[in-house]
Amino acid sequence: MNYSRLFDMRVVSRAVCAFACAVLISTSCVCAQEYKEASVDEQQASQKSAVLQSGNADQLKEFLRKYYLARWTVRANAQYLVKFREELEKDAVSISGAAQQTFLKEVVDALKGYAGSNSCYPACRYNAVLAMGTVNEVAGDRNGVGAVPYAGAITPLATFVSTSKETPDYVRLGALIGLVRHAEIGVKEEKMRNNLKSLFVKVLDPQYAKERGLRDDVYEWFQEKALQGLASFKSAEGAKGGTGTLDLFKRVIDDPSQKYELRCLAARAIGDMNLESVKNYDYAELAKSLTTLARDFCVDESAYIDEELVRDAVKSSANSMGGGLGGGMGGGGMAGGGMAGGGMAGGMGGGMDSMSGGLGGGMGGTIQNQKSLEAIVARIQYGFDSIRRAVSGVKNGGTGIQKLLLESDAAQKEAKEMLTKLLEEFDEMNTFISEGPKTGGGLGAGLGDYSGGMMNANSSIRVDANSMKDHLLEKKIKFNELLGIESY
């Protein structure tokens, strides 16, 4: 199983829940508003090929605003917006030269108007700004490799993200997603690259959220995207040179108030950087930061495991009640999951329990427990792998800081040895997960087979949640020892 993928899906689910709630709230606030719909001239449908190839700006503008994009503004067409976007992306790369540039310019101008208009219904505005970020000059392959995004969309997208004018969160976020895509694929002009770096840094400043009234849970997604955008440059340089980006990532890692997902993203980003040319940087201090992150991660993950155990206990209890009634009330697992889970994850978990209750008269939450354990393992392996990436780098890419620490310098040599031991602890954790607790010592010893009904015959995880938590406590103590901190 790809545990990092499972972890990413959980992060995305959390973000999607938060963002969906924000969109619903913003939409409900204007539910009484009368949205304007453009008059759609269906007779122009047959003219598409000729108009696209013509390169005539006036003809294109009329075609786009009276038929092609006008359809987007009709609320009854909301279900077709994804299809409309796909059609636009294909049409944009079906032409070339001056005709393509005229088409793209007119398209972005029209979409910018929709995205920025309070007269357009929310789904239209969000899809309009998303489309601005996905239209290409060159399509690339099925995975997007070789794609060339339309550079003319960068400035209007950046305006949506940075503006101080009242703008819905979903429009800002859609624009930020588009800018990150441009950064990841590559921006040719150095000035534009530096402008994007500055914008991503601006988004990461808490003042950005305060001034624009972003809710904390929604702002987390903005932060994730901004970090992702900065990481895509794979450079320690800031917008004004120096080591501005590397310094920022270190500050994120050092900030215990940040969500550990963001701190892990910053560590992964450092692992992707080519640091060979970055001289006279305090890599020994950065090594301590990464070790501290590993320690903090153990504490955070232990608390998360406690939450999962409570959640599973509630679900199992609800499921047992359903099973006692012959499985006929298996749906009670959904109620228990929703109340304990606090959102989409809980509701989905409850759904799994209702299935087990209905089919087997109550299975003690075995299925859900196994899924919860897989999520726990995913988080641990992703977190430790993020730190490992910063320490060791990646093949054909990042340098990693360990090889930059000098044996001739006493402090750097000590930091290098600390990182070696840190990686050994990560390796031991992976062995523990795959082989289970060993008899004869340690907080997780003597557990024998698996407790709590959390194992599955097809699973590669050979440890239960309680022993996992105990093992994280052992790791926390060892990481503190590496840092010279006395603790239990």
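Is arginine 212 buried or exposed? Arginine 212 is buried, as its relative accessible area is 13% (buried means under 20% relative accessible area, exposed over 50%, and partly exposed in between, with a 1.4 Å probe and protein chains only).

## About the model

This is a predicted model, in which local features need pLDDT of at least 70 and side-chain atom pairs count only at pLDDT 80 or more, while totals for chains, interfaces and linings use all residues. Residues are numbered from 1 along each chain as its sequence is written, and side-chain values use heavy atoms, with hydrogens and water left out.

## The chain as a whole

The chain holds 19 helices and 2 strands (DSSP runs numbered from the N terminus: H or I of at least four residues for helices, E of at least two for strands). Of its 488 residues, 48% are buried. Taking contacts between residues at least 6 apart in sequence, 70% join residues at least 24 apart (contact means heavy atoms within 4.5 Å).

## Around arginine 212

Back to the opening residue. Arginine 212 belongs to helix H10, which covers residues 206–212. Its side chain reaches the backbone oxygen of threonine 163 at 3.4 Å. Leaving aside residues up to four places away in sequence, arginine 212 touches Val161, Ser162, Thr163, Ser164, Arg172 and Lys202.

## Salt bridges

In the whole structure, a search finds 21 salt bridges (a side-chain nitrogen of Lys or Arg within 4 Å of a carboxyl oxygen of Asp or Glu). One of them joins the side chains of lysine 250 and aspartate 254, at 2.7 Å from N to O. Both residues sit in helix H12 (residues 244–254), 4 residues apart, or about one turn of the helix. Lysine 250 counts as buried at 14% relative accessibility, whereas aspartate 254 is partly exposed at 36%.

Another salt bridge pairs aspartate 306 with lysine 469, with the closest N and O atoms 2.7 Å apart. Aspartate 306 is in helix H14 (residues 283–324) and lysine 469 in helix H19 (residues 465–483), so this pair ties together parts that are 163 residues apart in sequence. Aspartate 306 is partly exposed, with a relative accessible area of 35%, and lysine 469 is partly exposed too, at 23%.

Glutamate 425 lies in helix H18 (residues 410–435) and lysine 478 in helix H19, so distant parts of the chain, 53 residues apart, are linked by the pair. Glutamate 425 is buried, with a relative accessible area of 15%, while lysine 478 is partly exposed at 31%.

How do the two helices pack? H18 and H19 pack at an angle of about 170 degrees with their axes 11 Å apart (axes are lines fitted to C-alpha atoms, for helices over the stretch in contact, and angles run from 0 to 180 degrees between N-to-C directions). That makes H18 roughly antiparallel to H19 (angles over 145 degrees count as roughly antiparallel, under 35 as roughly parallel, 65 to 115 as roughly perpendicular and the rest as oblique). Among the residues making the contact are Leu422, Glu425 and Phe426 of H18, and Leu472, Lys478 and Phe479 of H19.

Definitions and conventions: A polar contact is a pair of N or O atoms within 3.5 Å; within protein, one must be able to donate a hydrogen and the other to accept it, and residues adjacent in sequence count only if both atoms are side-chain atoms.
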